[in-house]
Amino acid sequence: MTVHHATAPTATERLRAAWNSAHAPVPGVPRWARVAAYAIPFTVLPSGLWRIMTVVFHVGDDGAHGAGQLPSWLPGPVYIVALSIVSELLAFTAIGLIAAWGEVLPRWIPLLGGRRVPPLAAVLPAAVGATILTVLWTTAFVTSLFGLTIQGRQLPDDHPSESMHGWRLAFFDLTYAPLLLWGPLLAAVCFAYWRRRCTRTIHTRVPKAAS
């Protein structure tokens, strides 16, 4: 009789399982919502990579655009890298609107792990975020066409659209243009989440009519 001993999963297998668990959609998510949710991190990634390139390769003059507006204790490169990472993490939260961890909190979260996420606790922040992102980036792109900041002031000389030319300026525009899709895509995924969870909750609460 041959005895088969189960082997512990390797680090690669555990990483793959965690990745699949974080990205796999739950039943009932329409295909268009999955595509939109998966696309959101990629709308943010190009601009984040460009910002990091300004630090590593000094693309776009000295790579310290806007550094004069930062407090003295915060180095420009640290701010740029941190901003890029935080932006990508925020974009990744959209996956939660289609994945299981957007409905039941992961068990590794202290105190709250394993609890169901109230639908409005996800819908309201996502809806507000989608609105802010849409208004913010649409306004930023429109005003930049006229050489102005969002506040209506003249763009500073160290702004990329003012200091760069040729292929560098074209590359900058291409990396930031996808941000225009962040808000609308998030709104679409938020709507799919609301329709799936809130309507399901309403249906379970409404008693069936007596025949």
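Predicted model: local features only at pLDDT ≥ 70, side-chain atom pairs only at ≥ 80, totals over all residues.

Biologist: What pattern does the chain follow along the sequence?

Modeller: The pattern is α-α-α-α-α-α-α, with seven helices and zero strands. Helices (H or I, at least four residues) and strands (E, at least two) are DSSP runs, numbered from the N terminus.

Biologist: How do you know what span to expect of α4?

Modeller: The expected span is 1.5 Å times one less than the number of residues. Helix α4 has 27 residues and reaches 39 Å from its first C-alpha to its last, close to the expected 39 Å. After α4 comes Gly147, with a positive phi near 75°.

Biologist: Which residues of α4 are buried?

Modeller: Among them are Ala126, Gly129, Ala130, Leu133, Trp137 and Ala140. Buried means under 20% relative accessible area, exposed over 50%, and partly exposed in between (1.4 Å probe, protein chains only). As for spacing in general, an α-helix has 3.6 residues a turn, so residues three or four places apart point the same way. In the chain as a whole, 30% of the 211 residues count as buried.

Biologist: Why is Leu136 called partly exposed?

Modeller: Leu136, which lies in α4 (residues 119-145), has 36% relative accessibility and therefore counts as partly exposed. Ile150, in the loop between α4 and α5 (160-163), has a relative accessible area of 43%, so Ile150 is also given the label partly exposed.

Biologist: What makes the nonpolar surface patch, and which residues form it?

Modeller: Val128, Ile132, Leu136 and Ile150 form a patch of about 340 Å². Patches are made of residues with over 30% relative accessible area and no salt bridge; like charges are joined within 9 Å, and nonpolar side chains (Val, Leu, Ile, Met, Phe, Trp, Tyr) within 5 Å. Areas come from the Shrake-Rupley method with a 1.4 Å probe, and for residues only the protein chains shown count as cover. Ile150 touches Leu136, Thr139, Ala140 and Thr143, not counting residues up to four places away in sequence, where contact means heavy atoms within 4.5 Å. The C-alpha atoms of Ile150 and Ala140 are 5.6 Å apart, although the two residues are ten apart in sequence.

Biologist: How do you know that Arg196 and Glu103 form a salt bridge?

Modeller: The term requires a side-chain nitrogen of Lys or Arg within 4 Å of a carboxyl oxygen of Asp or Glu. In this pair the closest N and O atoms are 3.0 Å apart, and the label applies. Arg196 lies in helix α7 (residues 179-205) and Glu103 in the loop between α3 (76-92) and α4, so the pair ties together parts that are 93 residues apart in sequence. Both Arg196 and Glu103 are buried, and a search of the whole structure finds one salt bridge.

Biologist: Why is Val26 counted as buried?

Modeller: Its relative accessibility is 13%, so Val26 counts as buried. Val26 is in the loop between α1 (11-23) and α2. Leaving out residues up to four places away in sequence, Val26 touches Ile98, Ala99, Ala100, Glu103 and Arg196.

Biologist: What makes Leu111 a case to note for its phi?

Modeller: Most residues other than glycine have a negative phi. Leu111 is not a glycine, yet its phi is positive, about 70°. Leu111 sits in the loop between α3 and α4 and counts as exposed because its relative accessibility is 80%.

Biologist: Which residues touch the most other members of the largest nonpolar core?

Modeller: They are Ile40, Leu97, Trp137, Trp182, Leu186 and Val189, in a core of 32 residues. The elements giving two or more residues to this core are α2 (31-56), α4, α6 (166-176) and α7. A nonpolar core is a set of buried Ala, Val, Leu, Ile, Met, Phe, Trp, Tyr and Cys residues joined through side-chain atoms within 4.5 Å.

Conventions. Residues numbered from 1 in each chain as written. Heavy atoms only, no water.
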